[in-house]
Amino acid sequence: ELGIDLWYKVKPCGRLVRPVAPTRIPGRYLSHQEGLPKLPVPSLQQTCERYLATLEPIVDEEELSHTKELLAEFQKAGGVGERLQKGLERRARKTENWLSDWWLTTAYLDYRMPVVVHSSPGVVLPRLEFSDRQGQMRFAAKLIAGVLDFKTMIDNETLPVEYLGGKQLCMNQYYQVLSSCRVPGLKRDSVVNHAHRSRPPTHITVVHNFQFFVLDVYNSDGTPLTVDQLYMQLEKVWSSSLQTNKEPIGILTSNQRNSWGKAYNNLIKDKTNKDSVRAIQKSIFTVCLDAPMPCVSDELYHSRAAVQMLHGGGSRWNSGNRWFDKTLQFIIGEDGSCGLMYEHAPAEGPPIVSLIDHVVEYTKKSEMVRTPMVPLPMPQKLRFNITPEIKKDIEKAKQNMNIMVHDLDVKVIVFSHFGKNVPKTHKMSPDAFIQMGLQLAYYRMYQRCCATYESASLRMFKLGRTDTIRSCSIDSANFVKAMDDPAKQKIEKVTLLEKAVKAHRAYTDMAIHGQAIDRHLLGLKLQAIEDLTSMPEIFMDTSYAVANHYNLSTSQVPAKTDCVMCFGPVAPDGYGVCYNPMAEHINFAVSAFNSCNETNATHMAQRLEEALLDMRMLLESTPKAKL
């Protein structure tokens with residue numbers, strides 16, 4: 001035991017440093033949190049001016065001039081805007097973060113669409129070399145040990161503090177992802193976190209063939225089970241869940257939130273069911289041992305794995321092998337597919353990716369610990385009493401899930417021509433370069449610009465979550481319109497691209513420093529609701545609806561691991577685009593809905609490849625001397 005303890009202490013932190021920002025150095029969590037600045041409330045005038053600028057490329061002139069009038073009215077001295085702004089500033093003084101509670105509620109807990117596809121992201125990890133259950137169990141055991149290793153740093157508050165541009169980042173989200181779970185409500189959900197209880201949970205849940213098990217992952221002396229012990233326990237789980245005809249109770253969690261809230265209240269009336277549900281909610285995380293999915297060609301493998309991570313493939317495949325409310329679910333298929341999905345309410349992608357990077361590194365190591373030959377208790381199967389009414393709820397959830405599965409179109413591409421290296425050679429931000437590629441791809445497909453959402457981290461501030469980088473700007477519109485215009489000289493196109501990239505970089509910088517417009521506008525709107533005053537006209541305006549209809553919802557989620565995150569579109573006629581830029585290639589996941597005739601994930605992915613290649617060609621074929 002001493003060896004294990006010592007090994008944790010001397011384990012070098014160096015391996016944890018990501019090549020991409022943010023970087024980390026060791027530090028105690030709470031004392032660090034205290035020193036973080038509070039999220040500022042931007043000035044009203046600044047937000048109104050910047051809002052108008054972002055509207056210019058996406059609304060017509062008539063709408064724009066109407067919005068100008070409304071904004072002038074809104075900003076009048078002693079007017080509505082000023083009153084709401086003062087209310088927000090008061091809220092900022094009284095709370096740790098004026099936005100975080102509001103954001104959790106409005107963006108997640110009040111949202112009534114299913115968490116599957118509409119909210120929870122999936123992550124596809126590199127394909128593994130096994131194709132049988134022994135390999136599946138062996139890898140699952142290593143993965144569990146890796147997560148517990150990361151958990152030790154969380155528990156001891158020795159997680160190295162992350163930095164971005166020399167500023168410390170809020171580490172709170174790391175403390176929210178383990179031992180937590182979303183709980184459905186009839187009108188609003190909640191999140192429970194058992195990590196901070198006086199007796200925190202010591203078990204995980206494992207699900208196989210739709211059957212849930214409680215697996216204790218710590219010995220009585222508090223040391224984690226070794227990989228060998230975990231392997232033996234997983235074998236026991238596997239061999240006591242061979243029946244494939246069990247009711248997929250977990251599929252209930254994929255339903256529309258009000259329906260699931262109703263079914264949930266009904267389900268937990270029974271004490272056995274209530275205890276089983278509580279055991280899942282309390283567990284540190286969940287491991288889903290999946291049945292093999294339909295075989296596809298190597299080229300389509302990543303896209304198939306993405307849908308497996310996002311929704312499980314439908315009721316006849318693995319969609320019942322989940323508890324979608326669980327914050328963290330690791331998914332390991334018998335066929336070597338591997339990844340995870342997470343419930344979005346408690347955290348964003350970067351902390352999840354940090355955990356992944358740690359776990360993937362851990363699974364590559366050979367085991368160092370000798371396994372004590374102690375007999376271990378049988379993992380406990382969770383029982384559910386299924387009444388005819390619950391059976392009906394399950395059937396309905398299956399139908400709804402299969403509709404969602406058929407509607408979602410996901411295309412994962414590995415853009416192999418270049419990665420961060422090319423934009424960097426031209427002294428451009430890789431993220432801004434990729435975003436301009438997206439703008440160009442969209443413009444070529446639709447001959448118009450659209451409202452584009454890219455998430456920006458607010459973790460420089462205490463309890464910070466995200467704000468929006470609006471990638472569609474006056475400068476990006478000028479570039480995409482010029483790119484295919486034969487009347488324009490190459491040199492002019494390059495200048496416009498450089499200007500667009502710089503503008504994106506500047507907006508990003510503004511956003512991470514708490515000076516973007518979207519959360520501020522949301523705050524003013526929520527302040528009006530809280531004050532019980534009539535809704536200001538700027539929020540009833542067509543322009544506001546257009547600005548918040550994101551045909552492109554995008555996110556850069558960089559990782560050391562060669563993985564890709566994926567999520568569904570946020571608009572019925574939109575795309576979800578997530579990407580991980582590596583040094584010499586870029587992993588992209590593009591999603592769209594089949595029910596929309598105008599969108600097509602494969603076409604968008606192809607256009608994106610073409611756009612990036614054309615942009616490189618433009619830069620490389622324009623002599624440097626002229627620039």
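Predicted model: local features only at pLDDT ≥ 70, side-chain atom pairs only at ≥ 80, totals over all residues.
In β10, 6 of the 6 residues are buried, so the strand is largely enclosed by the rest of the structure. L328, F330 and I332 point one way from the strand, while Q329, I331 and G333 point the other way, and both sets are buried. As background, side chains in a regular strand alternate between the two faces of the sheet.

Let me turn to the partners of this strand. With strand β9, residues 286-290, β10 pairs in the parallel sense over 5 bridges, and within that pairing T286 stands opposite Q329. With strand β11, residues 338-342, β10 runs antiparallel, joined by 5 bridges, and here L328 stands opposite Y342. β10 and β11 form a hairpin with 4 residues between them, and G336 in the turn has a positive phi of about 90°.

Now to the sheet in which β16 and β18 take part. This is an open sheet of 6 strands with mixed pairing, in the order β13-β19-β18-β16-β14-β15, and its edge strands are β13, residues 408-415, and β15, each of which pairs on one side only. Direction ignored, neighbouring strands are turned by 25° against each other on average. Inside the sheet, β16 (residues 552-556) and β18 (residues 575-581) pair in the parallel sense over 5 bridges, with C578 in β18 as the bridge partner of S555. Helix α20, residues 601-620, packs on the sheet and touches β13, β16, β18 and β19, its direction making about 25° with that of β13. Helix α18, for its part, lies across β14 and β15 and runs at about 120° to β15. The strands β14 and β15 and the helix α18 are also among the elements against which the buried residues of helix α6 pack; in α6, residues 100-109, those buried residues are S100, W102, W103, T105, Y108 and L109.

Leaving aside neighbours within four places in sequence, F479 is in contact with M436, L440, K493, L496, L497, A500 and M615.

Helix α15 brings me to the annotation. An unreviewed UniProt entry places the feature "binding site" at twelve listed positions, among them K420, K424, P430, D431, S457, R505 and Q556. These positions span 137 residues in sequence, and the farthest two C-alpha atoms are 25.8 Å apart, so they do not all gather at one spot. P430 is found in α15, residues 430-446, and at 14% relative accessibility P430 counts as buried; beyond its neighbours within four places in sequence, P430 is in contact with K420, P423 and K424. D431 is likewise found in α15 and is buried, with a relative accessible area of 9%. Again leaving aside neighbours within four places, D431 is in contact with E454, H504, Q556 and Y579.

Key: Residues numbered from 1 in each chain as written. Heavy atoms only, no water. UniProt positions renumbered as here; feature names shortened; annotations may be inferred. Helix = DSSP H or I, 4+ residues; strand = E, 2+ residues; numbered from the N terminus. Buried < 20%, exposed > 50% of the residue type's maximum accessible area, 1.4 Å probe, protein only. Contact = heavy atoms within 4.5 Å. Pairing = 2+ DSSP bridges. Axes fitted to C-alpha atoms, helices over the stretch in contact; angles between N-to-C directions.
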